[in-house]
Structure formats: structure tokens, C-alpha cells
Amino acid sequence: MNNLLKYLPELTELPGISGKEDKVREYILEKIKDKVDEYHIDVMGNLITKIKGRDSSKKIMLLAHMDEVGFMVTKINDDGTFHISPVGGVDPRVVFSQRLKVNDEILSVVQIKPIHLLKENERKSKPDYSSFKIYSGFEKEELKKKVKIGDMVTFDTEFYMNDDRAVSKAFDDRAGCSWMMNLIDKISEGQKPMFDTYFAFVVQEEVGLRGSGVAAYQINPDVALVLEGTTAGDYPLLDQDKWATHLGNGPATFFMHSGVVLSKDIFDKIVSIAKENNIKLQFKMRTAGGTDARRLATTLDGIPSGILAVPSRYIHSPNTIIDINDYINGYKLLELLVLEGRILK
């Protein structure tokens, strides 16, 4: 396996919905704490690290969110089942009959009525979370000892690869976290960055971009680069003119998305550096959705930002697919933008 992928499998399998990113943060910190000059965990739960540059006159902030979409337990029923509500944007249609885990320990399955018993109107209606019952194999009293209201629930998905494609949950945004860990490794091998570089592993992006603004206030950077997983719409049921990105066409950068128009200067630098180095790059062609760049635009005096993202087919589902070459090329571009400070020059 390519050395740039050494963190990605474990990162995607870790549980960490918004507000409960502890295991992800602990894993990252254990891997990088001896390779950075400073680190701290703030009140929100953001992990903020710093590597000193050759020139301390400017600050670059790299940012990726640790949280994934998932669920919380909301009610325990007399029949030994329980109910969940989504944390972040999870379409109920992708939850049918899925395997779930409570607190990364208790295996569960989403119960649905067999198709043989469905009435005609039920077959055509869109499901909602109130209709889902989750079953873990316990009677009510035993279940109450093991499962509590507010417990974290995640998809039970293992990472696997087939040629250049990888499947897992949580590429959004463990791919960005993995990129930052790769870059910290590179710097620890002796290549010091031009400017002071901050790596912000932030929380609660999926429920309203909560952690990034808090991190930015502490860093007060000159520029930020948001590292993400983003929607790939290249599947047969969607017309090609509605595709956002395409697997295999390189990492994606954004000129705008919901709530913000990105810095033209940074956008142009990303594009020109990719061209100079023959790195395949694509533009996200649909502007729905958002990233932490929107929060940064309204933080402090406004922080100029760019975005690099890994296209992810079936995003916010248990079986998200990425092209490994997009991931590797995105990392190569990240190195070029940051190590010599070209994002600021």
C-alpha cells in the first residue's frame, strides 16, 4: 500500500460523529505529537498544532474536520429496540437495513418491514427516521444497561480497496485529516516549511461549521486552506451535466459554494501550481453544500481561503468510494502549496 495511505484506513474506520470526536483526536495526537513544535486541545475539542517555519512573519492554517455524519440514540422502546436521529446530513434512504455500531461496541441493525408486507403506498413513500427501529439483540432491561439516550451511533463499515478505488465511511473528512498527517510526516523528515504552519483538526463541521471559527480565532492566520471530501455525482442515474466532480479526474478545488465566494487569488494559485506540475485538477461544478471556508469568511476580519477536496461518490453514506489517485495527487498539490509558502506568494 502506498505510504501516503498509511493513516487513511484506520482513520475512516474510527467512530467520531459531531461532538464525539474523541477517538479520532486521540489517534491523530498519538501519531503526530512528537513531530510538531506545539499542540493543544481547546474547549471545543479542536486539536491545534503548530510547526515553526523558516519565516515567522506569516501564518498558514491548514484545516480539516474530524467529525463524520452519524446518529444519536433518542429513545429506548419496550420491545428492546431503540430509535435514532441523524447528526449531520444523512438521507434516511441510505440507512435501510444497515449495520450500525453504538459507541463503537454494540453491533446493531436497522429493522424495516419486509417488502412482502408493505402496502402499495408504503412502497412508494420516502422513509423517515421515525419509522426506523434499531435492534441489538437485547431485551429492554439488558439494552438499558448497555445503551443510553445520547449515545453515538455510526455505520459499521470496514475500509477496503479494489485496484485504484477505496470504499469506507467518513472519507468526509478523514481524507483531509490524513493529508495533514502525511504533511506533518514529510516536515518531520527534515523539510521545514517556509512560514509558520498550523494544522487544525476541528470538530462539529457537519452540524454547522462549529469548530473552525473557534480555531481560527486562536491562530489568526494570514491564509487558510480547507481540506475536504466532496460530492462526486458521476453515477448512472444522474445526467452528466449535473455531476459535481468525477472520480479519477484529480482532486477538486472550488471557486464558490453555498454561502461564500472563494478568494480568486488563492484559487488562481491552486490552479496554476497544478498546471505547472502536471497535476490533474478539477473544479467542483455544482455549488450546493458547504465547507469550513464559509465560517472562515466571517471570522475575525475575514480569512482568505482556498479548498482542496477528494471527490467522494455516495458521500454521507456507509459505502463512500474514492479514487486513490485523486487522494495522492491532492496531497502532492498540498505539499507544493505549503512547504515553500506558495499559497502566500
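Which residues of helix 6 are buried? The structure shown is a predicted model, in which local features need pLDDT of at least 70 and side-chain atom pairs count only at pLDDT 80 or more, while totals for chains, interfaces and linings use all residues. Residues are numbered from 1 along each chain as its sequence is written, and side-chain values use heavy atoms, with hydrogens and water left out.

Helix 6 spans residues 210–219, and its buried residues are Gly 211, Ser 212, Gly 213, Ala 215, Ala 216 and Ile 219. Buried here means under 20% relative accessible area, with exposed over 50% and partly exposed in between (1.4 Å probe, protein chains only). Helices (H or I, at least four residues) and strands (E, at least two) are DSSP runs, numbered from the N terminus. The cover over the buried residues of helix 6 includes strand 2 (47–51), strand 3 (55–65), strand 12 (195–202) and helix 8 (292–297). Just after helix 6, Asn 220 adopts a positive phi of about 50°.

Two packed helices are described by the angle between their axes and the distance between the axes. Helix 5 (residues 171–188) packs against helix 9 (residues 324–338) at an angle of about 50°, the axes lying 10 Å apart. Axes are lines fitted to C-alpha atoms, for helices over the stretch in contact, and angles run from 0 to 180 degrees between N-to-C directions. Helix 5 and helix 9 are therefore oblique to each other; angles under 35 degrees count as roughly parallel, over 145 as roughly antiparallel, 65 to 115 as roughly perpendicular and the rest as oblique.

Val 24, Tyr 27, Ile 28, Lys 31 and Ile 32 of helix 2 meet Arg 174, Cys 177, Met 181 and Ile 184 of helix 5.

The largest nonpolar core has 56 residues, and those with the most contacts inside it are Ile 28, Phe 201, Tyr 327 and Leu 334. Such a core is a set of buried Ala, Val, Leu, Ile, Met, Phe, Trp, Tyr and Cys residues joined through side-chain atoms within 4.5 Å. Helix 5 gives the most to this core, with nine residues. Leaving aside residues up to four places away in sequence, Tyr 327 touches several residues, including Leu 4, Leu 8, Trp 179 and Val 310.

Methods:
Contact = heavy atoms within 4.5 Å.
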